[in-house]
Structure formats: structure tokens, C-alpha cells
Amino acid sequence: MWLRRFARSFSGGVFAASAVVNGIGIGVVVVLMLLLVADVVLRRFFNQPIRGSYELTQLIMAIVVFFTIAYCAAQKGHVAIEVLVTRLPQRLQVVIEILMYLFSLGLWGLLSWGLSLQAINVWRMAETTNLLGLPSYPFVLVAVFGSALLTLVILIQLLSLLAEGGRR
Amino acid sequence: MSPVTMGIIGICILLVLLFLKMPIGFAMGLVGFVGYWWVRDMSPALSMISLVTYSEATAYMMSALPLFIFMGWLAAYGELSKDAFSALHRWVGHWRGGLSMSTVIACAAFGAVCGSSMATAVTMVPVALPEMRKYKYDDELSLGCIAAGGNLGFLIPPSLAFIIYAILTEESIGALFMAGILPGLLLTFLFSVTIYVLCRINPQLGPSGPRASWRERLVALKGMWGIIVLFILVMGGIYGGFFTPTEAAAVGAFGALVLGLVNRQLTWRRFITTLLETGKTTAMVFVLIIGAIIFSRFMTISTIPVNLARFIGALTIPDYAILAAILMLYVLVGFFMEIISVLVITIPIFYPVILAMGFDPVWFGVLAVLTMLMGSISPPVGIIVFALSGMVKEVPLFRIFKGAMPFLVAMFVCLIILVAFPQISLLLPHLMLPYR
């Protein structure tokens, strides 16, 4: 009972957060498009390329990817193969699903941790981008944030499945 | 235990996880991590997965993906397919089965601005189906040709499948794009022949429509200019080395946005939907690729691909028999999985084998994509057919599968022609400036 209430109250917040963050991620795709079009036009016709557009593209991509993965998971948008599982008995399906959520949780938890270590490393070494000299660590932090949010989404999905599965 | 044994156990566990419905990218990442840990150690495995994840997400080559996805959705919601269809309709609509041929050719034209087979097929339904129904076309033929035509979205550049193949193999995106053009046109032609033959055998399937005057035809061509200009801009830019595939994608997306606005089809609400779809597809594809690359790092240290290549190289079976076996396997796997998943799972293992046998990797990319596409319109897991049946609920699923069957034969014929004449795939890439 408490589990269901907890999952429900917690899930609203996490899903809303993932939707907002996703909004930033997809908005940045438009920025990337405009940046590159401007770069091509300026370079071809005015011989004035935008300085560092190559590395800006890479940095923007960190935002695009890591800000959209959590929302995609919240929408169950990550592809999986369904042919076999749907033929198994209902109870077994729930057990398998719980197990798969646990595995996914493990993977993204580890990845969030690994990326944090990487962010600390990059920060300590004061790494910067080649041309513009921007510090790299904030963008690794974007990756940490995105995968941590994805981990949370998976956790919520696991908890609500447990709460529901208990009733079935 | 030898690394090869560990690798084989890893592959088996991966297959189990996949069939237990773990998201494909997650499963590959997890097995890749645990396998790496098993062969090496915990801490190198942890730093490998975090490095791969960050560096792949921010690799310049990968940035072409979200932009081409964006371009495709913009073209879809800007209804660029409508104009293409109505133009072609006036040119060949009066032939028997002419509307179906217009549909297939319009799919090819739309594929020239859209990189996904799903988007191509799905956008064609509201455009072409009502028209074909108006002229009493058989639903089986109508939906079959839309499903089959959708495949052209992946063969004719820009193509997400080719970008992903290029990323996984470190081949040139531009070369693969060029390689897809002639095979895509060949397949369009074969699909049209299929429709012609079907309607010859049974004229009830696709009666001839009204004949348009030459004046009407020329006027209708106006609807095509947008797509043509966009295609020439994007592909011409890559072909001539004017810009990188990423820049081409940005220019293409921008062009599709402008065309959609000129069309007055791209409302604010549709634009938001376009962005949401773009975000979802991007996230899905990146997770798949990142998972695949983590998995392939494990495969590399397990030495399976190298040993497999050496083993196959030492066999006395002719190379073409091995190629045939690999392609057969793709047909089979394609029956159960959609193409991007098949690509990310198998390319890390088979690519070294193809190189070892001395086959051209660009040519193989075209063959692999075409073979995997067969599964998307055939049972049991034909995702394009599933999507169509979700949109057209009154037609039973098996009838759409049945309608797509003759087109599968055409795809098979196309495959044989492409294997026999590698020049069809390789002519354009070899003419391209920065390549070779």
C-alpha cells in the first residue's frame, strides 16, 4: 500500500522533470540546425566561418542526447523485442519485467557513477575545448544529470510495477 | 576460461535478455559491461562504458543523426509527400495500377528527403489510400505498395540505416548515401513492374484512372520542385564535398522547415509534434548505438570477430557462399527485429568477416540494409505493416501482409541483381570527390 502511494507521488515529479528536460533537449536541436546553417552560409558566401562550430556541435550534442533519454524511457520508447514474452503466462511476465527493470537500473546506476568519476577527472585536469577554450566538465555533468534522471525514471517504473504486481 | 568462450557466453546471455524484452540498447550495454569486467577488471570496465557513452554521444559524425531525423519528420508533417503524389498521379494515373505506381514513386521521392522507412510509409497512407480507394483499387494492393514503398525511405538517401552502418564501421556516410541511390531507383522500378504484372493478371486490382492533359501534367510538376531542390542541395553538397553530412542535414532540415511553411501545412502544433518525435527517435537511436559500441568493445577483447574472420577465411567454401549465408541470416533475423536493431547487434561481429573476405564494405552495407528491410514487411514482426494496420483498422493485418508479399519477391530479385552487379551500388560513390 505505502509502496503504491510512494511510487505515485514520486512519479509525477520525476516524469514532469524528464518532460521539461526533454523540452530543452529538443529545443537545442533547433539551435544546432540554425548554428550549422549560419556557419555554412557565412563560410561559403562571406568566407567568414563561425569560430569553433565543430566543437560547439559536439557540446550541443551532449545536451541533445542526455536530455532526451530519460523522457524516451518514461514514454517506453526504447525498442525491445516483444514476440516471445507476450506468449508467457501473465504472472511470469511480471516477474521477468521486474528482473529486466532491475538489470536496467543496475546499468544506468553504474553509468551515472562512472560518468560522475569522469566529470571529476575532467574538472581536476581543467580540460578545455581546443579552439574556444571552453571548460569541458559542465558538459560531462550534463551527461551525469541525464543518466541519473534516466536511472530515476527506471526506478519509478520498477516501483509502480511492484505496487501493481502485488495486487495482481 | 578463454576470452572466446566468455564472448560466446556473453552472446548467449544477450540473446536471452533480448527475448525477455529488455530494451535492446540496455541489454547490449549491460552484457558489454559485465563481459568486459569478466575479461579485464571492474575499474577498466567502468571507465570504458562511461568514456564510450560520453564520447559517442558527442562524436561529430553522430550529430548528423538528430538533424536528419528532424528533417524527415519536418518533411512528413509539412506534407511534402502530398505534392509529390498528386504530381505523379497525373503522369501515370491512367495506366492500369497507375495510382499504385504513383504511390511507389512518390515514396521514392519522399525517401529522398526523409531517412526513415516508417515515416515514409506512414505519411503516404492519408495521401495515397483515399485516392486509390476512390478509383476502386483493391486494399491489399494499395496497402501492400505503401508498405513496400516505405522501404525506399531507408534505401534512398538520406537514410538513417546508412548513417548508423557508417558510424558502426567508420565508413564514409557520404559514400553510403551515394551507394543507395541507384539501388533505390532499381527497386522503385522493380516495384512498379510488380504492380504492372499484378494488374495485368487481375485487372480488378487496380483499374485505370482518368487521363490528365499534358497541360495539367506540367502544372502538377510544380509540386515536385521543393523536394527536388532539397535533394539536390543536400546530396549535391555532400557529393561535391561542399559540406559535411552533419551540415547537409542542418541545411536539409532548414529547407524542409521552409517548404513546410510555404506549403502552409506546418502549423505551430505540428512543429511541436515534429520536435517531440525527433527527440524520441534520437534518444532511442543513440541508446542503441551506445549499447552496440559498448558491446563491440567486449567483442573485440573476446577476440571473437578476429577469430571468426580467420576461421571463415581458412574455409574452402567460396566467399560468395559465405556472403549468401550472412545475408540469409539477415533475412531471418529481420523477420523478428527491426532493421536498426539488427544492424547494431550484428555489424560488430560480421563487419571484420566481410573485410577479411575482401568484399567492399560500402557494397555490403547496401546489401545488408536491403536484406534486413525484407523483414519489415513480412510476418511475424513486420513493423511497417503493423504501423499501417494501426492506421487502417478496417483491413485485417494478414491482408496487408498478403498484399506486401509480391513486393518481397521484387526485393529478392533486386538483391540478386545487386550481388551480381556491384557496379550498381559502387558507381556513384567511386565518382564522388572526397572518396577514394
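**Exercises on a predicted two-chain model**

At 0% relative accessibility, Ser302(B) counts as buried, where buried means under 20% relative accessible area, exposed over 50% and partly exposed in between (1.4 Å probe, protein chains only). The model is predicted: local features need pLDDT of at least 70, side-chain atom pairs count only at pLDDT 80 or more, and totals for chains, interfaces and linings use all residues. Residues are numbered from 1 along each chain as its sequence is written, chains are lettered from A and ligands numbered from 1 in the order in which they are written, and side-chain values use heavy atoms, with hydrogens and water left out.

**Exercise 1.** Locate Ser302(B) and list residues that it touches.

Solution. Step 1: Ser302(B) lies in helix α15 (residues 268-302) of chain B; helices (H or I, at least four residues) and strands (E, at least two) are DSSP runs, numbered from the N terminus. Step 2: leaving out residues up to four places away in sequence, Ser302(B) touches Pro3(B), Val4(B) and Gly7(B), a contact being heavy atoms within 4.5 Å.

**Exercise 2.** Describe the fold of chain B as a whole.

Solution. Step 1: chain B has 22 helices and zero strands. Step 2: the radius of gyration of chain B is 22 Å, close to the 22 Å that the globule rule gives for 436 residues, so chain B is as compact as a globular protein of that length. The radius is taken over C-alpha atoms, and the rule is 2.2 Å times the number of residues to the power 0.38. Step 3: along the principal axes, the C-alpha atoms of chain B fill a box of roughly 75 × 45 × 45 Å. Step 4: of the 436 residues of chain B, 63% count as buried. Step 5: among contacts in chain B with a separation of 6 or more, 80% come from residues 24 or more positions apart.

**Exercise 3.** Characterise the interface of chain A and chain B.

Solution. Step 1: 52 residues of chain A are in contact with 53 residues of chain B. Step 2: the area buried between the two chains is about 4,800 Å², with 82% from carbon and sulfur atoms; buried area is the accessible area (1.4 Å probe) that two parts lose on being put together, summed over both. Step 3: in chain A, Met33(A), Val79(A) and Ile81(A) lose the most area to chain B, together 15% of what that side buries.

**Exercise 4.** Which side chains meet in a salt bridge?

Solution. Step 1: the count between chain A and chain B is one salt bridge, defined as a side-chain nitrogen of Lys or Arg within 4 Å of a carboxyl oxygen of Asp or Glu. Step 2: the side chains are those of Glu247(B) and Arg43(A) (3.0 Å, N to O).
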